[in-house]
Amino acid sequence: MKTDIFLGIDMGSTGLKAVAFEAGTGATLAASGGGLPYRHLPVGGCELSAEAIDTALMQALRGVAEQLGSRVAEVRALCCTGHGAGLYALDEQGALLAGRAVASTDQRAATRARVLEQRVGDALYQDVGCRPWSGQPSLVAAELFDAQGGGHRAIRRLLFAKDYLGFLLSGEIATDASDVSTAGLLNLESGTWSALAFEAAGLADLMPHALPPIVPTGTVIGHLLPARAAACGLPAGMPVVMGAIDLLASLSAVGAVKSGHAVAVFGTWCVNAVVAPVREPKPEVGAIVRHGPGALRLYLENSPSSMANVAWAARTLQFEDAAAVVKSAMSVPLGAEGLRFLPFINGGGVAAGATAGFVGLKGHHGRAHMARAVIDGVVALHAWHLKRLAAHGLGVPGRVAALGGGARDSRLVRLLADFLGHSVERCGDDETGARGAAGYAALSQGACADEVLPVRCVTEAPEAAAAQAHAAYFMGFEALIGNMAPAFEQLARPAQ
């Protein structure tokens with residue numbers, strides 16, 4: 001008996017993966033993908049070439065098709081999800097401008113963002129639900145394409161990561177509210193592109209022609225082009241479906257959209273989120289995202305780096321990989337014998353100009369202590385953001401799910417449970433972003449994603465005997481972050 005298969009493609013901040021899921025069981029039938037070769041440039045630049053994206057996409061799809069074998073004919077639809085913000089700007093020929101995309105962790109517009117925050121930060125928060133930051137598409141475009149000189153007029157279309165993948169596969173251009181809103185470019189009340197956001201960035205003249213139509217998730221936007229189908233081995237004419245930003249796709253995959261419990265995403269970014277009804281007045285959280293026509297909002301508490309700090313530690317301290325960092329860290333007690341790490345390797349959402357660094361470094365500290373300080377700081381920052389959401393009454397008390405690559409490691413999730421003082425569900429063994437995208441593909445074919453693509457999580461409980469030690473560490477971490485604000489501000493000032 002044939003069973004439908006749905007394909008989800010997830011382009012994250014470090015890699016791209018395609019995963020095929022079996023309807024009914026939710027089982028993963030095939031998965032393929034790998035890392036993306038982002039280029040880290042001076043002054044905080046982070047870019048990815050168009051060629052690298054195309055190559056990674058087609059290799060992932062070919063890998064899935066080969067693994068499915070004869071069952072490839074049972075794939076009914078595909079859908080893309082991806083990281084938000086950054087810049088995917090197309091020229092008149094439909095190619096990425098300058099042949100590259102810009103990552104959401106790019107920091108070259110940091111000064112522009114700080115100036116804009118001082119001028120219209122409050123007004124923007126009320127209009128679009130977030131304040132300016134360096135990775136916003138509008139600010140990246142203004143910074144790199146000379147808004148004052150008119151160089152930005154070369155931008156013919158403004159897309160997001162998942163939309164660019166959809167364009168490559170179908171030739172059609174569209175986006176959804178979740179990506180536009182996460183990028184701080186959507187008016188929360190109307191659900192349309194924000195004139196204020198573009199005017200503030202000096203890009204008002206982009207609005208008439210460069211912005212794609214906003215369509216609901218689960219909408220068929222086009223069909224797999226014959227040339228693409230032939231190159232990857234998937235059926236030609238397969239529906240290509242509008243997805244959502246990777247965070248919302250992951251929340252959908254684990255049922256958090258319906259249940260309203262909080263999630264912590266241990267990815268490149270430190271992402272913490274809750275889906276809840278509209279609150280007025282708006283709570284002072286990191287960002288508020290509109291993701292559809294209803295009365296629900298995605299409330300976010302984020303910083304630009306979570307596992308990015310661990311990747312940096314692996315590279316700089318010469319560990320084999322991130323797993324080796326965690327293994328070494330766990331050989332040292334909580335607190336690393338007085339060493340602390342400020343986990344803002346890509347900047348921070350806790351204070352203006354936040355940067356990373358070790359505090360309390362002494363002669364007896366070695367590589368393992370440094371690894372432990374990094375791990376403690378990364379997980380404590382997630383707890384800090386989650387506690388801020390809970391303080392606003394957002395989320396189901398005592399219920400949090402951990403997602404993302406870092407959540408595959410039970411030790412990190414257990415440490416989060418220790419800092420929060422309650423159990424945390426771990427869903428890191430599953431590709432939740434791709435699963436959520438596949439769920440939107442199923443929705444386009446009249447299926448209910450919750451029924452056809454179920455997901456399982458396991459629970460990590462806090463260590464009761466160490467509760468006092470973890471509470472004391474967290475209080476100290478919170479105080480340290482607050483006390484560092486003047487130092488961050490001083491370091492952010494231009495050199496005289």
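## A walk through the predicted fold

Let's start at V220, which sits in strand β10, residues 220–223. Residues are numbered from 1 along each chain as its sequence is written, and side-chain values use heavy atoms, with hydrogens and water left out.

V220 counts as partly exposed because its relative accessibility is 35%; buried means under 20% relative accessible area, exposed means over 50%, and partly exposed is in between (1.4 Å probe, protein chains only). Setting aside residues up to four places away in sequence, V220 touches P239, V240, V241, S444 and Q445, where contact means heavy atoms within 4.5 Å. From V220 to E280 there are 60 residues in sequence and 34 Å in space, C-alpha to C-alpha.

E280 is worth a stop of its own: a cis peptide bond, with omega about 0 degrees, joins E280 to P281. P281 is placed in the loop between β13 (270–277) and β14 (287–290). For background, most residues other than glycine have a negative phi, and most peptide bonds are trans.

On the phi side, have a look at V43 and A85. V43 isn't a glycine, yet its phi is positive, about 60 degrees. You'll find V43 in the loop between β4 (39–41) and β5. A85 isn't a glycine either, and its phi is also positive, at about 55 degrees. A85 belongs to the loop between β6 (75–82) and β7 (88–90). As for cover, V43 is exposed because its relative accessible area is 69%, whereas A85 counts as buried because its relative accessibility is 4%.

E47 is buried because its relative accessible area is 6%. What does the side chain of E47 make a polar contact with? The partner is the side chain of R100, at 3.2 Å. A polar contact is a pair of N or O atoms within 3.5 Å; within protein, one must be able to donate a hydrogen and the other to accept it, and residues adjacent in sequence count only if both atoms are side-chain atoms. Beyond its neighbours within four places in sequence, E47 is in contact with P37, Y38, R39, L41, R100, A101, V102 and R108.

Helix α11 (residues 307–316) is mostly covered, with 7 of its 10 residues buried: M307, A308, N309, V310, W312, A313 and A314. What do the buried residues of α11 pack against? They pack against β12 (262–266), α12 (322–329), β16 (340–342), β17 (357–359), α13 (367–391) and α14. Just after α11, Q318 takes a positive phi of about 65 degrees.

That list leads us to α14, residues 410–420, which is also mostly covered: 8 of its 11 residues are buried. The buried set is L412, V413, L415, L416, A417, D418, F419 and L420. At the start of α14, D409 has a side-chain oxygen that reaches to within 2.9 Å of the backbone nitrogen of R411. After α14 comes G421, whose phi is positive, near 85 degrees.

One more local stop is V452, in helix α16 (residues 449–452). V452 is buried because its relative accessible area is 15%. Leaving out neighbours within four places in sequence, V452 is in contact with E22, A23, G24, T25, G26, A442 and A447. V452 and E425 are 27 residues apart in sequence and 21 Å apart in space, C-alpha to C-alpha.

Finally, step back to the whole chain. The secondary structure comes to 18 helices and 20 strands. Along its principal axes, the C-alpha trace spans about 60 × 60 × 45 Å. For 496 residues, a compact globule would have a radius of gyration near 23 Å, and the chain's 22 Å agrees with that; the radius is taken over C-alpha atoms, and the globule rule is 2.2 Å times the number of residues to the power 0.38. Of the 496 residues, 57% count as buried. Among contacts with a separation of 6 or more, 72% come from residues 24 or more positions apart.

Notes: This is a predicted model: local features need pLDDT of at least 70, side-chain atom pairs count only at pLDDT 80 or more; totals for chains, interfaces and linings use all residues. Helices (H or I, at least four residues) and strands (E, at least two) are DSSP runs, numbered from the N terminus.
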